[in-house]
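Dear colleague,

Please find below the structure that I am handing over to you.

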Amino acid sequence: MNKPQIFPIPKGIEQNKLEVPLTIQKKVDRRQDEPVFFAAGFRPFFLFAALQAALMLPLWLAVWSGWLESSLHWPAMVWHSHEMVFGFAGAAVGGFLLTAVPNWTGTEPVGGRPLITLFVVWLAGRVAFTLAGWLPPVLVAAVELAYLPLLAVLLAGPLLRARAWHNIAFLPILAVLWLCDLTVLMGNTLVGLHAGIGVLLVMIAVVAGRIVPSFTRNWLVLNGRPAGVRLYAWIERGGAAGAVVVAAGAWVVAPTSTITGILLLAAAVLHLVRLAGWRSLDTRSEPLLWVLHLGYLWLVVGLALLGISTFSPLLPTPAALHALTAGCVATMILGVMSRAALGHSGRPLTPARLTVAAYLLVSLGAVMRVAAPLTPVPVVLTLIGGSAWTLAWVLFAIVYWPILTRPRIDGRPG
């Protein structure tokens with residue numbers, strides 16, 4: 001095993017330099033008559049990701065519990081899973097990349113008519129998939145599958161012009177996610193959904209490796225703590241993402257295989273080693289940091305539980321799967337969105353109390369959902385957990401609605 005690298009204390013760090021790659025430092029010329037809500041990608045997509053989560057999970061719980069009858073074309077489970085992976089998470093991914101790519105390339109953010117078009121296409125996809133039984137299948141597919149290619153086109157120009165080769169990898173990742181969506185529409189729903197979740201986990205492994213150690217190191221420096229985070233070169237240079245690709249790929253192809261279980265457990269151990277070097281416990285007084293560490297811990301737990309579920313029928317696969325989705329994906333999305341929205345709206349990186357409450361509620365909801373099948377009262381715990389998880393997104397929407405719909409408080413564009 002390679003010796004870990006210990007990052008020393010950087011000198012001369014200023015507060016306003018700490019948010020790279022999530023804060024745009026370059027001032028851009030923007031038309032003054034442009035709607036504020038569509039001045040930057042994080043605004044519409046972060047807000048509507050939260051609104052979709054807050055609306056759709058209660059609907060799913062009502063159908064799942066028998067309180068509401070579903071007349072959708074898709075089985076209720078498929079509709080719920082698809083809209084969480086390609087709707088909710090798809091919006092969050094779009095908002096993040098539209099915010100990060102301008103930083104990586106030094107280019108102007110996508111805004112105005114191109115952003116409005118992209119947002120309308122995403123929203124139309126949500127409507128089309130839900131109304132699939134009443135619309136021609138070709139129309140549903142055309143509308144639903146338009147979002148990710150359009151997002152990739154808007155990102156490809158800046159990335160290619162800047163020759164940002166290190167970040168162009170996100171374009172093929174989006175392409176694979178699109179293929180997963182296509183697979184669902186073609187009728188192979190479980191394969192498409194499971195593969196889509198795997199793609200999201202790969203993105204989390206890549207993005208978290210960039211931002212969590214960096215933000216943690218900078219915060220430790222500002223608080224006078226000399227020891228740096230530890231990074232293993234072989235993990236950071238492909239080991240982390242590669243482990244998820246291999247393990248998730250094996251799970252999609254052979255979900256009950258012993259080899260798959262071993263690969264999932266090995267991936268969990270690798271990511272635990274990675275997380276152990278990030279000094280998670282030292283961030284416990286800073287909510288904007290510990291929520292990211294907590295989200296990454298959910299990745300470790302979820303991979304481990306999914307691996308165990310291949311060996312033991314006592315642990316249902318859906319329970320393990322929700323550790324990765326309701327736990328890891330949701331917590332990381334909530335943490336990144338809440339931090340990035342503050343920084344990009346010119347506000348101090350200080351979360352509101354309701355935001356911290358949302359952090360706790362989303363993980364509490366995930367814990368209950370994972371534990372529910374293992375208890376004598378699975379329905380009760382699932383409903384309570386789902387309510388807690390939903391409330392987290394309601395709180396986010398309450399706090400961030402004015403932040404995402406009003407101009408930056410520092411007068412800068414974006």
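**Helix H9 and its surroundings**

Helix H7 (189–222), helix H8 (233–253) and helix H10 (287–309) are the elements against which the buried residues of H9 pack. Please bear in mind that this is a predicted model. The buried residues of H9 are Thr 260, Gly 261, Leu 264, Ala 267, Ala 268, Leu 270, His 271, Arg 274 and Leu 275. Helix H9 covers residues 258–276, and its 19 residues should span 27 Å at 1.5 Å a residue. The C-alpha atoms at its ends are 27 Å apart, in agreement with that expectation.

**Cysteines**

With a disulfide taken as a pair of cysteine sulfur atoms within 2.5 Å, the count comes to 0 disulfides. Cys 180 takes part in no disulfide, as the nearest cysteine sulfur, that of Cys 328, is 16 Å away. Likewise, Cys 328 is in no disulfide, and the nearest cysteine sulfur to it belongs to Cys 180, 16 Å away. Cys 180 is buried, with a relative accessible area of 5%, and Cys 328 also counts as buried, at 0% relative accessibility.

**A nonpolar surface patch**

On the surface, a nonpolar patch is formed by Leu 55, Leu 59, Trp 67 and Leu 68, which together have about 450 Å² of accessible area. Of these residues, Leu 68 lies in the loop between helix H1 (42–64) and helix H2 (76–105). Leu 68 has a relative accessible area of 42% and is therefore partly exposed.

With kind regards

Notes
Residues are numbered from 1 along each chain as its sequence is written. This is a predicted model: local features need pLDDT of at least 70, side-chain atom pairs count only at pLDDT 80 or more; totals for chains, interfaces and linings use all residues. Side-chain values use heavy atoms; hydrogens and water are left out. Patches are made of residues with over 30% relative accessible area and no salt bridge: like charges are joined within 9 Å, nonpolar side chains (Val, Leu, Ile, Met, Phe, Trp, Tyr) within 5 Å. Accessible areas come from the Shrake-Rupley method with a 1.4 Å probe; for residues, only the protein chains shown count as cover. A salt bridge is a side-chain nitrogen of Lys or Arg within 4 Å of a carboxyl oxygen of Asp or Glu. Helices (H or I, at least four residues) and strands (E, at least two) are DSSP runs, numbered from the N terminus. Buried means under 20% relative accessible area, exposed over 50%, partly exposed in between (1.4 Å probe, protein chains only). The expected span of a helix is 1.5 Å times one less than its number of residues. Contact means heavy atoms within 4.5 Å.
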